[in-house]
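Trainee: Pick one part of this structure and take me through it up close, please. I'd like the cut-offs behind each term as we go.

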Amino acid sequence: IPLWRKDRTEQDPIVCAGGPCAYNPEPMADFIDFFYIGEGEVVLGDIIELYKEHKKLGGNRQQFLEKLLDVEGVYVPAFYSVSYHCDGTIEEFTPLHPKAKKQIKKQIIKDMNTAYYPDKLLVPLIEAVHDRIVLEVFRGCIRGCRFCQAGMVYRPVREKSPETLLQQAKKLIQTTGYDEISLTSLSTSDYSQLQPFTEKLLDHCATSGINISLPSLRVDAFSLELMSQVQEVRKSSLTFAPEAGTQRMRNVINKGLSEEEILNGCFLAFQGGWSRVKLYFMMGLPTETEEDLKGIAQLAHKIVEKYYAIPKESRGKPVTVVVSVSCFVPKAFTPFQWEPQDSYEVFSKKQRVVKQNIAKKQIQYNYHDAKLSVMEGVIARGDRKIGQVIFAAWKNGCKFDGWSEHFHFTRWIEAFQQTDIDPEFYTNRKRAYDEILPWDHISIGVTKAFLKKEHQKALEEKATENCRIDCAHCGAKFFDGGVCYEV
């Protein structure tokens, strides 16, 4: 199959792409025939049926791509052109076909109870990473963390009923034979019916030895009672995401967690019998100082101390606090989409600051490869010119870059040099509010005005209430009849 879409003939397949990475489709626009923007359950099936009917009638590639212009949520790059200013910023994004829309609206499932969910999974014959049942509880997030692309692009929140979830869980347990079920969402503990649902699920799982895992919990919404109930079947380690080490920084990113809530949540976990806690943090966030970095280590130390505040006879295994720190990558459709990203050298210095301030043997410190994060930053906010870099890197031998042993940073640097493209233009540069961004022709429902307002509040260290408490008027409630929380 020719890699460039312009080189494909009638004998070649039509190549499509979608998912969260497609919300900024431009770096891959010259490779992909069409992008589906949004949730696949809505019209992807209709697109496939349209294609089958089109082939039956003897239609060609061009005619099919033109038909797709009538389908909401489909972006066909061939029908758009991009021009640039002398400084490399985008001058204009122009539709080239009468039917080509100025904005492509994402597609969303409005009723999660009636949406298709697979009840027969492919069970691997070898041990896999996520070797368990995965049950999606709800879609979207009420929180509005300013670094989080998923929290914005999956708005508005749509929940499944406890009855639907229980029915799906029972069916999956029956058809797979797995002994663990993971309740997943962007913030599972924000499910409004979590307590009654988990009680019913526990009743069903207890007799058959099925373990329930609750990943990425918010410590403020966690109860000792629920922890104890889950523990009755089998313990597993707990994961929390404070994201930042100081309260000032958590206000900047709108995490909505106090240190007291974090420490109290961990203390409840230790009282409930857990002795291993994993904590997710980020470094390189906007306005970050050295004190914020030291705060990561200090918070981990305080959590260890909380464990030893429990009477010795009541403790279980020796405590382990795993501190995992990733490098912040500004993403499209977030309040931080205008912010610069730290360079590899700056990330490396910050990683050393955190490491030097961890003094307790009970703390394990993990951090990401900053070079990989820089490449992620280039592609996350790249324009069509980045496609040339991707192609050059592939020719240089870059494949399976997500695996550390296959990631070769020098080959990517060579690709930038070969294409005469400066990676720092995409990473280490602050964008102006009036700059045309590569993804401005994609509509996720959340308005640019809302993102600007949230960016300003971040710089002022002001938090925004979650959607369930107070509607922030992000725009999602006006998007295709989506359901939002309103007071």
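**Strand 12 and its surroundings**

Mentor: Let's start with strand 12 and strand 13 (residues 276-283), which run parallel and pair over four bridges; two strands pair if DSSP finds at least two bridges between them. Strands here are DSSP runs of E with at least two residues, helices are runs of H or I with at least four, and both are numbered from the N terminus. Keep in mind that this is a predicted model, where local features need pLDDT of at least 70, side-chain atom pairs count only at pLDDT 80 or more, and totals for chains, interfaces and linings use all residues. Residues are numbered from 1 along each chain as its sequence is written, and side-chain values use heavy atoms, with hydrogens and water left out.

Across that pairing, Thr239 sits opposite Lys278 of strand 13. Helix 8 (residues 259-271) packs on the sheet and touches both strand 12 and strand 13, a contact being heavy atoms within 4.5 Å. Its direction makes about 170° with that of strand 12; axes are lines fitted to C-alpha atoms, for helices over the stretch in contact, and angles run from 0 to 180 degrees between N-to-C directions.

Zooming out, the open sheet has four strands in the order 12-13-14-15, with parallel pairing. Strand 12 and strand 15 (363-367) are at the edges with a single partner each, so one side of each has no neighbour in the sheet. On average, neighbouring strands are turned by 20° against each other, direction ignored.

Now for Glu243, in strand 12 (residues 238-243). Glu243 is buried, at 10% relative accessible area (buried is under 20%, exposed over 50%, partly exposed in between; 1.4 Å probe, protein chains only). Beyond its neighbours within four places in sequence, Glu243 contacts Phe147, Ile253, Lys255, Tyr280, Phe281, Met282 and Leu285.
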